[in-house]
Amino acid sequence: MSDGRHTCPVCGYAQLEEPHLDAVGEPTYSICPSCGTQFGADDLTTSHEALRKLWLDGGAAWWSEAKPAPAGWSASAQLESAGFAATPKHG
Ligand SMILES: [Zn+2]
């Protein structure tokens, strides 16, 4: 069940044209235009959660210059709809 789009496990961007892992679980080396994570590279040694925190700490700005942000794009709305709380939970 897929509309052909995939959700970034780091920032929650839901319009990825490629998944971060292929059908056999290998990284696709695609780059999320929202947070700039390259799957198979950036997430080899850093968890998706840590990458998300880095992105948030950096201002959670749209990353790609080649692919503009969708109209009305909002990092916080994107994170919320993906179920990624914008505020870290501690305890
Ligand atoms: Zn992303």
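The buried residues of helix α2 pack against α1 (42–45), where helices (H or I, at least four residues) and strands (E, at least two) are DSSP runs numbered from the N terminus. This is a predicted model, in which local features need pLDDT of at least 70 and side-chain atom pairs count only at pLDDT 80 or more, while totals for chains, interfaces and linings use all residues. Residues are numbered from 1 along each chain as its sequence is written. The protein chain has three helices and zero strands, and its elements run α-α-α from the N terminus on.

**Overall dimensions and burial**

- Along the principal axes, the C-alpha atoms of the protein chain fill a box of roughly 35 × 35 × 30 Å.
- Buried residues account for 23% of the 91 residues in the protein chain; a residue is buried if 20 or more other C-beta atoms lie within 10 Å of its own, exposed if 12 or fewer, and partly exposed in between, with C-beta atoms placed from the backbone.
- Of the contacts between residues at least 6 apart in sequence, 38% join residues at least 24 apart; two residues are in contact if their C-beta atoms, placed from the backbone, lie within 7 Å.

- Helix α2 spans residues 48–57, and L51, R52 and W55 are buried in it.
- Seen down the axis of α2, these buried residues fall within an arc of 105°, so they line one face of the helix; the arc is that of the directions from the helix axis to the C-beta atoms.
- The face of α2 turned away from the buried side carries E49, A50 and D57, which are exposed.

**Nonpolar core**

- The largest nonpolar core has 12 residues in all: C8, V10, C11, Y13, L16, I31, C32, C35, L51, W55, A75 and L79.
- Such a core is a set of buried Ala, Val, Leu, Ile, Met, Phe, Trp, Tyr and Cys residues joined through C-beta atoms within 7 Å.
- The elements giving two or more residues to this core are α2 and α3.
- In soluble globular proteins, nonpolar side chains tend to be buried together.
- C32 is in contact with C8, V10, C11, Y13, L16 and T37, leaving aside its neighbours within four places in sequence.

**The segment before α1**

- G12 lies in the segment before α1, and it counts as buried because it has 20 C-beta neighbours inside 10 Å.
- Not counting residues up to four places away in sequence, G12 touches T7, Q78, L79, S81, A82 and F84.
- G12 and D57 are 45 residues apart in sequence and 16 Å apart in space, C-alpha to C-alpha.
- Y29 also lies in the segment before α1; with 12 C-beta neighbours inside 10 Å, Y29 counts as exposed.
- The phi of Y29 is near 60°, a positive value in a residue other than glycine.

- A60 lies in the loop between α2 and α3 (75–81) and has a positive phi of about 50°, although it is not a glycine.
- A60 counts as partly exposed because it has 18 C-beta neighbours inside 10 Å.
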